[in-house]
Amino acid sequence: MIGNVEKRCIDLGHYIVETRATVRQAAIVFGISKSTVHNDVTKRLAVINPLLCSEVKEVLDDNKAQRHIRGGMATKKKYDKLKNN
């Protein structure tokens, strides 16, 4: 079981760094909850692979800085769609 968790953490870390995915996107791809992804890449990965953890942290910080923009775009798209229908 421990080996599986460590492998999942590393796989999640590589996936997030390579695709610049959000925690939500990674959770969907791996079929686990957002909180599990977050715990894996912030807490567990820091112990397993600190270098990969720092790379993931950069991506997550970038995603966090952009989330208000993505949210606004999603809201605009939603209301444009309602307007056109």
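Author: Gladly! This is a predicted model. The chain has a radius of gyration of 15 Å, whereas a compact globule of 85 residues would have one near 12 Å. Along the principal axes, the C-alpha atoms fill a box of roughly 50 × 25 × 20 Å. As for secondary structure, there are 4 helices and 0 strands, in the order α-α-α-α along the sequence.

Reader: What makes N63 buried or exposed?

Author: N63 has a relative accessible area of 10%. Buried means under 20%, so N63 is called buried. The residue sits in helix α4, which covers residues 50-84. Leaving aside residues up to four places away in sequence, N63 touches R20, A21, T22 and R70. Across the chain, 24% of the 85 residues count as buried.

Reader: And K43, is that residue buried or exposed, and how do you know?

Author: K43, in helix α3, has a relative accessible area of 58%. The cut-off for exposed is over 50%, therefore K43 is exposed. Its C-alpha atom is separated by 16 Å from that of A26, 17 residues apart along the chain.

Reader: Why are α2 and α3 described as roughly perpendicular to each other?

Author: Helix α2 (residues 23-30) packs with helix α3 (residues 34-48) at an angle of about 105°, and their axes are 8 Å apart. Angles of 65 to 115 degrees count as roughly perpendicular, so the pair gets that label. Where they meet, V23, R24, A26 and A27 come from α2, and K34, V37 and H38 from α3. Sorted by class, this contact has 4 nonpolar, 1 polar and 2 charged residues.

Reader: Which residues in α2 are buried, and why do you place them on the same side?

Author: The buried ones in α2 are V23, A26 and A27. They cover an arc of only 100° around the axis, which is why they lie on the same side of α2.

Reader: What follows α2?

Author: G31 does, and its phi is positive, near 70°.

Reader: One last thing: how much of the contacts with a separation of 6 or more comes from residues 24 or more positions apart?

Author: Those residues account for 56% of such contacts in the chain.

How values were computed: Residues are numbered from 1 along each chain as its sequence is written. This is a predicted model: local features need pLDDT of at least 70, side-chain atom pairs count only at pLDDT 80 or more; totals for chains, interfaces and linings use all residues. Side-chain values use heavy atoms; hydrogens and water are left out. Helices (H or I, at least four residues) and strands (E, at least two) are DSSP runs, numbered from the N terminus. Buried means under 20% relative accessible area, exposed over 50%, partly exposed in between (1.4 Å probe, protein chains only). Contact means heavy atoms within 4.5 Å. Axes are lines fitted to C-alpha atoms, for helices over the stretch in contact, and angles run from 0 to 180 degrees between N-to-C directions. Angles under 35 degrees count as roughly parallel, over 145 as roughly antiparallel, 65 to 115 as roughly perpendicular and the rest as oblique. Ala, Val, Leu, Ile, Met, Phe, Trp, Tyr, Cys and Pro count as nonpolar, Asp, Glu, Lys and Arg as charged, and the others, Gly among them, as polar. The arc is that of the directions from the helix axis to the C-beta atoms. The radius of gyration is taken over C-alpha atoms; the globule rule is 2.2 Å times the number of residues to the power 0.38.
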